[in-house]
Amino acid sequence: MKFKDPAIVVHQLQKWGGAEYELKVLASIFNKCTIYTAWYDDEFREQYFENFVLRSSILQKFPYKEKLDRELIPLHPLAYSTLDLSKHDLVIVLSDGFEKTVRIPERIPSILIALTPPRFLWMETRSINSLPSFSYKVYDNFLKNPLQSLWRKWDLNSVKQYRYLISISDEVRKRVAKVYNRSSDVVYPPVEINKMKFNRNTQSREDWYLYFGRVESYKGVELAIRAVAEGHFRLKIAGSGSDLERLRSLVDELGVRHLVGFLGFVSEKQKRELLYKCKALIFPVKDEDFGIIPIEANASGAPVIAYAGGGVLETIKEGVSGVFFREYSPRALIDTIKDFEKMSFDPNLCRSQAVQFSRDRFENKLKAYLRGIS
């Protein structure tokens, strides 16, 4: 690798997810690199990034930063702009927020890997004011117009400094073109296909569906609950998030505790076991940027029932590794599940579909991309 000392910039590090996994794989490509972030959780670093060099901004010393994570967003442009990247020979920024506002000397080659343009600025379904919090109500009523206008200018201007742009899916490539008027190359994120427990025997799968992921309002978990309640299907929900308690109450209100089970946060080992046993993964997200869990489901031999939107349209092959519902309603999901139960899916074809998004393919494509950079 011709780059001896690259810098990789990413959002705050406190929760494990697809972006964090991509970061770890990306950093592992280089013999030496430094990861920069606004702040990191010490326990998270110890668990996932102990063997990597991490540098953080002034927000690292901020008290209660874990609890005030979203409230600190207005300080992110300042925090990232103060990071010194001048000693590095390459800068790669993984961004879904203000990470791209770092200041990069013109002599240093720079790559922006767009996870997505910031959702809270450019996508109404993920906007800050859609979150149920007093501080967000204050933002919506008094600060939204001036702050959002300023933030959008910062965001648009910060993209201009990057020589190279990569999007993590064609869905994101279209967003980048629309928001920033820039073209970008698509490099799909890595998925640990080989670590998934592959079930070749469809008869051994159990009679329940699985939702796996963060339990947030924009993830569509309520839609899945209402569909299985009305259709009398069984659903297990694995994950935690800010919408969890409300959805527990909804299950009680609907009287479907016998159909819907909440598993909370589960380990990687438990996730693999769930995907090995479930009848199918239900993925009711409207505008997912890429979506790793549907690919992991396919790698386990499990088909996917997903809403026909976002990155999943690129990763799931309809009728081969899954099915789509096209109207975002419980009734449409119920009808799709009923159709699904009349169909058969070959686990080997599901697995073959998933292999296209393996870690090896990501590393090979990115290394080839880096060789073309001057």
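## The seven-stranded sheet

Seven strands, ordered E3-E2-E1-E4-E5-E6-E7, make up an open sheet with parallel pairing. Two strands count as paired if DSSP finds at least two bridges between them; strands (E, at least two residues) and helices (H or I, at least four) are DSSP runs numbered from the N terminus. This is a predicted model, in which local features need pLDDT of at least 70 and side-chain atom pairs count only at pLDDT 80 or more, while totals for chains, interfaces and linings use all residues. Residues are numbered from 1 along each chain as its sequence is written, and side-chain values use heavy atoms, with hydrogens and water left out.

At the edges of this sheet stand strand E3 (53-56) and strand E7 (185-186); each has a single partner strand, so one side of each is left without a neighbour in the sheet. Strand E6 (residues 164-167) pairs with E7 in the parallel sense over two bridges, and Ile166 stands opposite Asp185 in E7.

Helix H1 (residues 18-28) lies across strand E1 (6-10), strand E2 (34-37), E4 and E5, and runs at about 165° to E4. Helix H6 (residues 170-180) also packs on the sheet, where it touches E5, E6 and E7, and its direction makes about 135° with that of E6. Contact here means heavy atoms within 4.5 Å. Axes are lines fitted to C-alpha atoms, for helices over the stretch in contact, and angles run from 0 to 180 degrees between N-to-C directions.

## Aromatic pairs

Rings of Phe, Tyr and Trp (its six-membered ring) pair if their centres lie within 6.5 Å; planes under 30 degrees apart count as stacked, over 60 as edge-to-face and the rest as tilted. The count comes to 20 aromatic pairs by this rule. The rings of Trp16 and Tyr21 have centres 6.4 Å apart and planes at 70°, so this pair is edge-to-face. Phe98 and Trp151 also form an edge-to-face pair, at 5.8 Å centre to centre with 65° between the planes. The latter pair links distant parts of the chain, 53 residues apart: Phe98 is in the loop between strand E4 (90-95) and strand E5 (110-114), and Trp151 is in helix H5 (residues 134-159).

Buried means under 20% relative accessible area, exposed over 50% and partly exposed in between (1.4 Å probe, protein chains only). Phe98 is buried at 1% relative accessibility, as is Trp151 at 2%. Tyr21 is buried at 13%, whereas Trp16 is partly exposed at 28%. Ring pairs also join Trp16, Tyr21, Phe44, Tyr48, Phe49 and Phe52 into a cluster.

## The loop residue Asp346

Asp346 lies in the loop between helix H12 (330-340) and helix H13 (347-355). Asp346 is partly exposed, with a relative accessible area of 33%.
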